[in-house]
Each structure stands twice: as C-alpha cells, then as structure tokens.
Amino acid sequence: MIEQLRKDFPLLQNLVDEQPLCYFDSAATTQKPQVVIDAVNQFYHQENANVHRGAHTLSAQATTKYEAVRDKLAQYLNVQRNEVVWTKGATDSLNLLAYGLTNILGQDDVIVLSPLEHHANIVPWQQAAEKTGAKIALLPVSKEGVLDQSAAIELIRDTKPKIISLCHASNALGNIHDVKQLIEASKPYGTITVVDGAQSFMHLRPDLKALDCDFFVFSAHKALGPTGVGGLYGRYDLLNNLPVYQTGGEMIDTVSFTGTTFRNAPEKFEPGTPNICGVIGFGAALDYLTSLNKNELLAYEQSLHQYLLTRLRQIDGIKIWGDNKNNIGVVSFTYKNEHHFDIATLLNSYGIAVRSGHHCTQPLMAHLNITGTVRVSLAFYNNQQDIDSFIAALMETIEMLEE
Ligand code: PMP
C-alpha cells in the first residue's frame, strides 16, 4: 500500500543534487500529494475569483468550494463549522489567542506552558504576561525532555492556572502528551486549555470533542496542504467572546464614522481576502487524508519509527533524545560532540533531508544542555529503504567526521 501512496507524491520521485531524495523533514513541512498540487493548479487555471462578494458565477463557485472546506475541517476535528477560524497557520492562531486572552489576565494569574514548546507557543504568551504581569509556570520535564505527568497534574493543582497551552506532540522530540488528562485536571479551576496541534493534526487526527480542549491550533502545510494557511478551533462561546484581532473588510456588520459593529465568529477573525487557493488545496489534502485508514497509517508510522530507532541504537556514539515511547515518528539525535549542522550537511550530500538545530525550541535545548540535534521526522510516505539509505549515509558521515 505504501509503495502505491508514495507515487502520489511527485517530489519523492525526484532527484535532488542528482541523488534520490530521502525526505525526513516532515515535521517542518510535509510533501504534497498530486491531488493537492492539482487543486491549486486548477483553482488558478479555471476557478480564480474572490469569495463572499460579487454576483458572478466564478465568485459564487469559489465561495461554495472555499466554505465547503470549513465543513471538511470541522468534520475532521469533530467540531462545528462555526468553531473553526481560518488563519495563516499555527503561529498566527497562537498570536490571535494570546492577544485575545490578554484581556482576562492579571498579575495574580498563571499561564502554564511546558519547556518543550515551540517558540510559537512561548513568545505570544510571554508578551501577554509582560503586558499584564501574569506569571508563566512550566510543567516539569525530565532530564531527557519527557513530561512528568503526575508532577504536571500536581503543578496544575498548585497553580490553578488561568490558561494552559501545551503541544500535543513535541516537534523537537516527537513525544505525544496525554493532554486529555491534563485538560481534565485543569477543569476544576476554570482554566482555558489550548492545544498546539501543529504536529498531531496529521499523525493523530485528534477528535477535539473527545479531547475536550477549549482551543486547538494547527498548520495545513504540516498535513499535506499548502503553506500560509491553518486554523484555530475554539469552543464557540469562548471563541465568540474573544476580542477582534485584526480588522478590515468582511469581518464587519456595519461601518460608519460613528462606529463599527463586528460579525460573530468565525467571520469576526477573518478580515480581508483569505488564502482562498490555500484553503481549497487544503480541502484536497483533507479528502486525501480521510480516504486513508487512520489506524493503518499510524501503525505503519510506528513500525518505521521502531525500525529507525533499532538501526540508530546499533551505532556507537549516537545519543537519542527523549524516551521515544509514545511518539509521532520524530527522532532527535546527536553524535558525540560533533556539530549537528555538520552531520546534516554531510547527510545532505547523500540526498538525505533532515533538519538540524534547535528546532525553534531553544528553552528545551537549554534544558537538555545541548545547542541542537539532528532531527529525523517520518511520515507515512517514508519507507524502510529510506531508513536504510539514511543509516548507510550516516555511517559514512561518521567515518568522515572521525578522520
Ligand atoms: N507548534 C509546533 C509544535 C510546531 O512544530 C510548529 C512548526 N514547526 C509551530 C507551532 C508553528 O507552525 P507554523 O510555522 O506553521 O506557524
């Protein structure tokens, strides 16, 4: 089945620097299946028009197609269509949220984050804390970067946070967090719960009603869709009560020089011309993803992850970070004191695309007492052959570094 699916991703068939491509950077952005590329192409060839305005046929068709993707997304996340806002991506969604929730923060309030967060889930909250005097408390994490679940629950009890914002899965180490249990633990305190689903959206296909979070953010480009589009789910009453973030056309009811009134969510958060083509391309990605069996894909990804770990563990001097137990298929490693960038650069000369650096998680790297790692991130379109090629290239890389 996987060999058939791989054919849907044209870039995987290409040569990069005259080498077959082994793409291990899906946590940064996934490759795109032909159906997404076709949808984008078709939009500009045959369907291009602005949405929500104009009586002409193309505009009406573009509006119908664009709004249909909101239904697909709502279905994918098991929420209502008016609970999802289109944004530029996870970063944009988190900024919208932190800006909107600044209103409810005061100097006696606590925002709970974890040391594993992506900068996008730190800096907006830090700004909100600076403006309001609220404090940031961090969930306890082991030396290896693994969340201590029972100590986390204790911290929630002790701090009774106003807001908790936590990644569903770490982009640097791949750990999947039991966010459901932490959300439950924070319910007695009326805490607003935010889940950064940038890394879980595709791999775990979370059911947000079951997760019972208040807000959830994600980016389409990490789930086979185009860049520049993503979303924010919000429990409707909370979402609708957030103040407007950016203003302009489309999000208003009436405008006059005596004042402006705004529409309800989601429109009140969607000013201006949206990324119409991006949303339509993402619609094709959602159709593609939902046509595949979630559990089969996840089991396959898990087996690849295990194979990768087994092969890496056989190499002396490799240090793998995190516990790699419950993981979306991300392996972060270092080799002795060699610089992660050198390893990644040498691997690139064999057609191996990995990411090196701090992965926008500088506080985590500081916690682990390293400057960065080499990150191998898997998706269902990788195969065992990719991993074999990677291991062979890594062995040669190590040989060169040892010379
Ligand atoms: N959170 C996590 C966990 C991420 O992995 C990323 C992207 N690396 C983001 C947030 C930000 O996503 P984007 O750059 O698409 O806005």
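This is a predicted model: local features need pLDDT of at least 70, side-chain atom pairs count only at pLDDT 80 or more; totals for chains, interfaces and linings use all residues.

Biologist: Which residues are around the ligand?

Modeller: They are A90, T91, H118, N171, D196, A198, Q199, S219, H221 and K222. By type, that shell divides into two nonpolar, six polar and two charged residues.

Biologist: What does the side chain of T91 do there?

Modeller: An N or O atom in the T91 side chain sits 2.5 Å from an oxygen atom of the ligand. D196 has a polar side-chain atom 2.6 Å from a ligand nitrogen. For H221, a polar side-chain atom is 2.7 Å from a ligand oxygen.

Biologist: And how much of the ligand does the protein bury?

Modeller: The protein buries 86% of the 400 Å² that the ligand exposes when taken alone.

Biologist: New topic. Which residues of helix α13 are buried?

Modeller: In α13, residues 340-348, the buried ones are H340, I343, A344 and L347. They are on the same side of α13, because they cover an arc of only 95° around the axis.

Biologist: Why would that spacing work?

Modeller: An α-helix has 3.6 residues a turn, so residues three or four places apart point the same way.

Biologist: What covers the buried residues of α13?

Modeller: The cover includes the strands β14 (330-335), β15 (352-353), β16 (355-357) and β17 (373-377), along with helix α15 (384-402).

Biologist: Last one: T102. Buried or exposed?

Modeller: T102 is buried, at 13% relative accessible area. T102 lies in the loop between α4 (90-101) and β5 (110-113).

Biologist: What does its side chain reach?

Modeller: The T102 side chain reaches the backbone oxygen of A98 at 2.6 Å. Leaving out residues up to four places away in sequence, T102 touches A128, K131 and T132.

Note on methods: Residues are numbered from 1 along each chain as its sequence is written. Side-chain values use heavy atoms; hydrogens and water are left out. A residue is near a molecule or strand if one of its heavy atoms lies within 4 Å of it. A polar contact is a pair of N or O atoms within 3.5 Å; within protein, one must be able to donate a hydrogen and the other to accept it, and residues adjacent in sequence count only if both atoms are side-chain atoms. Accessible areas come from the Shrake-Rupley method with a 1.4 Å probe; for residues, only the protein chains shown count as cover. Ala, Val, Leu, Ile, Met, Phe, Trp, Tyr, Cys and Pro count as nonpolar, Asp, Glu, Lys and Arg as charged, and the others, Gly among them, as polar. Buried means under 20% relative accessible area, exposed over 50%, partly exposed in between (1.4 Å probe, protein chains only). Helices (H or I, at least four residues) and strands (E, at least two) are DSSP runs, numbered from the N terminus. The arc is that of the directions from the helix axis to the C-beta atoms. Contact means heavy atoms within 4.5 Å.
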